[in-house]
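Here are a few exercises to work through with the model open beside you. Try each task before you read its solution.

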Protein chains: 2
Amino acid sequence: MNGAEHLVTELADAGVEVCFANPGTSEMHFVAALDKISSIRCILCLAEGIVTGAADGYARMSGKPGVTLLHLGPGLGNGLSNLHNARKARSSILNIVGDHATYHLEYDAPLTADIEGVAKPVSHWIQRCESADNIATTALAALQQADTYPGHIATLILPADTAWTEVSPSGTGSTMQDALVITHDLYQKATIPASLEDRAAAAARALQSGSNSALLMTGSCLSERGLQAAGKIRKSTGASLLAQTANGRLARGAGRVSVTAVPYPVDDALSFLAPYDQIITACAKSPVAFFAYPGKPSSLIQESAVHTVLAGETDDGIAALEALADELGASDLVPDLQAAEQHPVEEGAPLNADTIGQVVARAIPDQAIVVDEAITMGRNFQKVTRGSRPHDWLQICGGAIGDGFPLATGAAIACPQRKVIALQADGSGMYSLQALWTQARENLDITTLVFSNRSYAILKHELKNVGATAGKTADDLMDLDRPALDWVALANGMGVEAVQVTNTSELEQQMQIGLDRSGPFLIELLI
Amino acid sequence: MNGAEHLVTELADAGVEVCFANPGTSEMHFVAALDKISSIRCILCLAEGIVTGAADGYARMSGKPGVTLLHLGPGLGNGLSNLHNARKARSSILNIVGDHATYHLEYDAPLTADIEGVAKPVSHWIQRCESADNIATTALAALQQADTYPGHIATLILPADTAWTEVSPSGTGSTMQDALVITHDLYQKATIPASLEDRAAAAARALQSGSNSALLMTGSCLSERGLQAAGKIRKSTGASLLAQTANGRLARGAGRVSVTAVPYPVDDALSFLAPYDQIITACAKSPVAFFAYPGKPSSLIQESAVHTVLAGETDDGIAALEALADELGASDLVPDLQAAEQHPVEEGAPLNADTIGQVVARAIPDQAIVVDEAITMGRNFQKVTRGSRPHDWLQICGGAIGDGFPLATGAAIACPQRKVIALQADGSGMYSLQALWTQARENLDITTLVFSNRSYAILKHELKNVGATAGKTADDLMDLDRPALDWVALANGMGVEAVQVTNTSELEQQMQIGLDRSGPFLIELLI
């Protein structure tokens, strides 16, 4: 057994089922080993941003680390921005990055690069395999690091010779093997906040003393169980339940405890948060502006508001919320649940954020996964869909656009029985359109709506927000209509069936067609 | 005048004419400043790998630094692999990377990242602007660093507030302004090798003592002037003139001094270099295998061969070659020049590496720029085109595939009067197909041939080379035919006209159509 075979065996034994891959020469032994250990499913992506974004989507929906296979420093580099997003979403990722054979590095061949340096800005943990004999131990350590609540990015560097060298009899054992099995249950590995009772008591006092209090959450707090506890807290204290502007995963829809996300535009966010004199955070940070804007504050809460931390960013949010509910004597209360809502759809109406939202809200099937990279078009979508059938809502958390198509891809791999609806801005979509090919190849059950406003619309707003004025050059840099992108052609070119729609009736009809099939379908909405 | 306006003014005054851009909110003041200083042309690219690859192509063909505008750490991250290629090609690049306002960084907003960390693996020089007043000085220092022979990657980090803050009267002056004007002539800034005469004498002795000598070159040595000197050396000594396997830019074709590149496949390279007992390098390194392969050496030259360094990697290659010619008393010799060759094209023949090469060789127009990311399909293209009309040949130097479309884009911007022919493998092309949109938008004169073998063909060879065996999983990871990519649809989706061809007659006809127009055209070759 060579190092690669040992590595793959150990990963499979530890519970790894899927590997998102864009391999090269230095990973060929790993790839050959995958053939022998057939329990790991390999998903080929045509660019590394797709690999890392899909691993993120998989991690969010499976509760397991998303595993990637990447080709040296440049391959990892291509995947960096979606690893940034994964990190900000607190997703679990294990990157396996092939490198030249150890003895080949000194020759500085063309692909030689500082892999550790590339990995550092996005990784919680980086280690290099030293020999075939220590591959398994190192890999399991990496997997364990990735599988650390609330989700870490672990990068394992795999020199080609450690993969192709035979493992000696003494190297095949692994001390960790028995202890480490990843499950679909990362939240079980959460750390109880230090001095949980004190924090719960402080948060309770804050909630009871405020004239207007908000409980701001993200991460595990936004799971069904976390939200149940939050709902009891609201029932007991009247506090508003808020979510961060962007969240890795949010359980929502009819019959669930509803929360409201802090708006993205800085002025809206400031007005939204202005009424609160007490902000209690659970896994979330005190809210900050996405960007700095001249003359506007970076912190979005009132200077006079009191901020109390119930749970830090890496603490067990569910335990903290349940402790707070206990402290308030609210554990037996029945939270108010979101009622089902059906928005009327105006037949044949032109497409805009409001009319699209109505169609989407009606169409969301039970237990759907909604991936939201709708950017400017999607600002009202959360509001209009709060009473839709129960679903999970996945967002781009690091602001590095180009995460939507890959997230949808990974989520569909993780949950083959659930429908995925991807809400995709056109400008952002162009960073990672290659994901459509993987969707076709794996016949993933994803209906994608591309909002074809043919501009970086968000930058038009932002230019104003930062107090700059646009002339022809600036306008040109924000317009994508010269030439117009044809998303039907682009999707077809990668084997995904696609249509164009121009009004609500067409959209409604085509969404139904997309959701009725089991495979990818793309709808280009001409705005 | 704010910092951004001062920066743009100074860059324009220093000779910057083009900026390849994918900006975001933090760069809006820079973008607004571009409107006021209209002499800098801004080229929008829809993903950052296109920005950096196009800047590389521009730098190689213009002799000036390619300037990029990128959005924070993730934007730079997306551009990393083509910066790696640019670095290995020794291209001049100035990256301007926007960041949050200085005071906003402590809030760790979603897009906050370690930009210096991301930049480090690919940059020779990194600096952060500290205030609006020091923007110009820092930017000119960065430009000067980029414009250092043989080409450096300089990364300038531009916090948003240094861009939007007004420059104080004392800050508008720049001490470097008068000294720094970049010209289309980076080779003039080369450093004469230390002890030039001694090196030339040693190289002359080596050439005269060897029974079979090779002069291995890259960089400036492969310019027309460098090759003239090399041709005299060959005439005098009978040495073989070799080029690296991949080179940033190579002047070639009928009437020029012809060189032969070291083959890529390791076994071919070993056989190719085996006869030489004396290897003299000029700007090139002693040749090494692209990857390590079990049981095969990393160094490609015979252990008994003597390696003499005429010029180091960053030395003035032209001066060194001319000094060597002098030393040999060969300065007045007339080098043997490549004769024009016309390969017959078999009408209606199926498309393969040989038949395609014949068509391409005939079609290359005078002074064309050929961008070669043909990978496996292109192994014989250099041989068959050596007697074509004079042209420049640009290659991917860092092995990070996905450089072809962007290089062609940047080269066409640099040389609007010259035809660009892009030879593009399909697998590699998928990493950066978004460049086609920029080609359409700017109506760039590029005829692209996509070799649709629907596989990562190179990996099939490499799997064998590393001694691994493929099963179904491995085969699957190298086949791109499920589903087949439709390059005509993909190109059309981005506004580029395209056709599919299946034999030599169709290819010849469509290449003529492409070359006769002045705008982008894509030909998908079904192999």
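**Exercise 1. A strand and its surroundings**

Is strand β3 (residues 66-71) of chain B mostly covered or mostly exposed? Then find its partner strands.

*Solution.* Keep in mind that this is a predicted model. Start by counting: six of the six residues of β3(B) are buried, so call the strand mostly covered. For that count, a residue is buried if 20 or more other C-beta atoms lie within 10 Å of its own.

Now the partners. Strand β1 (residues 18-21) of chain B pairs with β3(B) in the parallel sense over two bridges, and B:Ala21 has B:Leu69 as its bridge partner there. Strand β4 (residues 93-99) of chain B also runs parallel to β3(B), joined by six bridges. In that pairing, B:Leu70 sits opposite B:Val97.

**Exercise 2. An open sheet in chain A**

In which order do the five strands of the open sheet in chain A lie, and which strands stand at its edges?

*Solution.* Walk across the sheet: the order is β10-β8-β7-β11-β12, with parallel pairing. β10 (260-261) and β12 (306-311) of chain A have a single partner strand each, so one side of each lacks a neighbour in the sheet.

Then zoom in on β7 (residues 213-217) and β11 (residues 278-282) of chain A, a parallel pair with five bridges. Here A:Leu216 faces A:Thr281.

Finally, look at A:Met217. Together with B:Met217, A:Met217 has the most contacts inside the largest nonpolar core, which has 395 residues. Leaving aside neighbours within four places in sequence, its contacts include A:Leu222, A:Val259, A:Ala282 and A:Gly317.

**Exercise 3. How the copies meet**

What rotation superposes chain B on chain A, and how many residues does each chain give to the contact?

*Solution.* The superposition takes a rotation of 180° with 0.0 Å of shift along the axis, at RMSD 0.0 Å. That is the relation of a two-fold axis.

The contact uses 84 residues from chain A and 84 residues from chain B. On the chain B side, helix α2 (residues 28-36) gives the largest share, six residues. By type, that side has 48 nonpolar, 25 polar and 11 charged residues.

As for confidence, the model scores ipTM 0.96 and pTM 0.97.

How values were computed. Residues numbered from 1 in each chain as written. Chains lettered and ligands numbered in written order. Predicted model: local features only at pLDDT ≥ 70, side-chain atom pairs only at ≥ 80, totals over all residues. Least-squares fit on C-alpha atoms with pLDDT ≥ 70 in both. Contact = placed C-beta atoms within 7 Å. Helix = DSSP H or I, 4+ residues; strand = E, 2+ residues; numbered from the N terminus. Nonpolar A, V, L, I, M, F, W, Y, C, P; charged D, E, K, R; others polar. Core = buried A, V, L, I, M, F, W, Y, C linked by C-beta atoms within 7 Å. Buried ≥ 20, exposed ≤ 12 C-beta atoms within 10 Å, placed from the backbone. Pairing = 2+ DSSP bridges.
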